[in-house]
Amino acid sequence: MTGQPTPRSLIVTFYGAYGRGGAGRPAGPVPIAALIRLLGAVGVDAPSVRSAVSRLKRRGLLVADRTDAGAAGYALSEDARQLLDDGDRRIYGHPDTGDGAREAGGGWLLAVFSVPEQERHKRHLLRSRLARLGFGTAAPGVWIAPDHLYDETRHTLARLELSPYVDLFRGAHADFEPTEQAVRRWWDLEQLAKLHRGFLDAQEPVLERWAGRTVPAPEDAYRDYVLALDSWRFLPYADPGLPPALLPRDWPGVRAAEVFTALHDRLYDAGAGYVREALTAMRA
């Protein structure tokens, strides 16, 4: 992701990090007043929060509800929860961190699709969703990804009612071009490397700033963590987790994953404390 984070993206990032329950985090609706305060901490004003919430509601990602105390709020829809659950493995367990299940030889997933001309709008949707999932293009109508994306791909295509147009295959790359060369044709590795370097340019200084602080200040930790997560969470989709043996030796995704993991370990729990405090204040 490049440029300034959008209010809509930051709201999704907040719910993904702190809005799904557990460890004192809200499992149900988040009061709109608390959401405005929490998004204000990362630079989003109240009108922008309300506008973005309305758009997410129209898209079926948020649903209006009331808290146990009767306050108006918004919770994740079931589709949104599935979307975020699918994303967890990528965002928090990116293959560049050394997941051995995704080493070379893990296999490939092929998506072969055909869409009737009278439904060509679905062809565009299908291509854009496969691209967002991290698929590369092997040939017209044939898209390829590491095999570990099978479950997420299946959930996404079914949720968008695109599965009738697609056949999924799992297998190995046999001939005729060396796989390491073919990967450079299927994906734009130079552009992916540029995205990783952009993340490092923005977030390595943040990590260095926190390195000398023994006790994270909750609001500062929350702000820096949400902004880092909002920037990071797009990268494991642009870069689908190609086997390390097929990537350039100096691949910047390795360092980018290390930096995000270090920020998560350093800041996440303190940020959760700030969220709990904000929600408690709303109940008072």
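Visitor: Are Trp-186 and Trp-187 buried or exposed?

Guide: Both Trp-186 and Trp-187 are buried, a term for residues under 20% relative accessible area, with exposed for those over 50% and partly exposed in between (1.4 Å probe, protein chains only). Please note that this is a predicted model, in which local features need pLDDT of at least 70, side-chain atom pairs count only at pLDDT 80 or more, and totals for chains, interfaces and linings use all residues. Residues are numbered from 1 along each chain as its sequence is written, and side-chain values use heavy atoms, with hydrogens and water left out.

Visitor: What makes Phe-14 and Tyr-15 an edge-to-face pair?

Guide: Rings of Phe, Tyr and Trp (its six-membered ring) pair if their centres lie within 6.5 Å; planes under 30 degrees apart count as stacked, over 60 as edge-to-face and the rest as tilted. The ring centres of Phe-14 and Tyr-15 are 5.4 Å apart and the planes stand at 75 degrees, so the pair is edge-to-face. Trp-186 and Trp-187 also form an edge-to-face pair, with 6.2 Å from centre to centre and 70 degrees between the planes. By this rule there are 14 aromatic pairs. One aromatic cluster has among its members Phe-14, Tyr-15, Tyr-18, Tyr-222 and Trp-232.

Visitor: Which residues have the most contacts inside the largest nonpolar core?

Guide: They are Phe-14, Tyr-18 and Tyr-222, in a core of 67 residues. A nonpolar core is a set of buried Ala, Val, Leu, Ile, Met, Phe, Trp, Tyr and Cys residues joined through side-chain atoms within 4.5 Å. Helix H11 (residues 253-283) gives the most to this core, namely 13 residues. A second, separate core of 15 residues includes Leu-109 and Phe-113. Helices (H or I, at least four residues) and strands (E, at least two) are DSSP runs, numbered from the N terminus.

Visitor: Why is Val-53 called buried?

Guide: Its relative accessibility is 2%, so Val-53 counts as buried. Val-53 is found in helix H3 (residues 46-58). Leaving aside neighbours within four places in sequence, Val-53 is in contact (heavy atoms within 4.5 Å) with Ile-11, Ile-32, Leu-35, Leu-62 and Tyr-74. The C-alpha atoms of Val-53 and Tyr-74 are separated by 8.3 Å, although the two residues are 21 residues apart along the chain.

Visitor: Why are strands E1 and E2 said to stand at the edges?

Guide: The open sheet has three strands in the order E1-E3-E2, with antiparallel pairing. Strands pair if DSSP finds at least two bridges between them, and E1 and E3 are joined over two bridges in the antiparallel sense. Strand E1 (30-31) and strand E2 (62-66) each have a single partner strand, so one side of each is left without a neighbour in the sheet. Val-30 stands opposite Tyr-74 in E3.

Visitor: How do you know that the charged end of Arg-170 sits over the ring of Tyr-150?

Guide: The rule requires NZ of Lys or CZ of Arg within 6 Å of the ring centre and within 35 degrees of the ring normal. The charged end of Arg-170 sits over the ring of Tyr-150, 4.2 Å from its centre.
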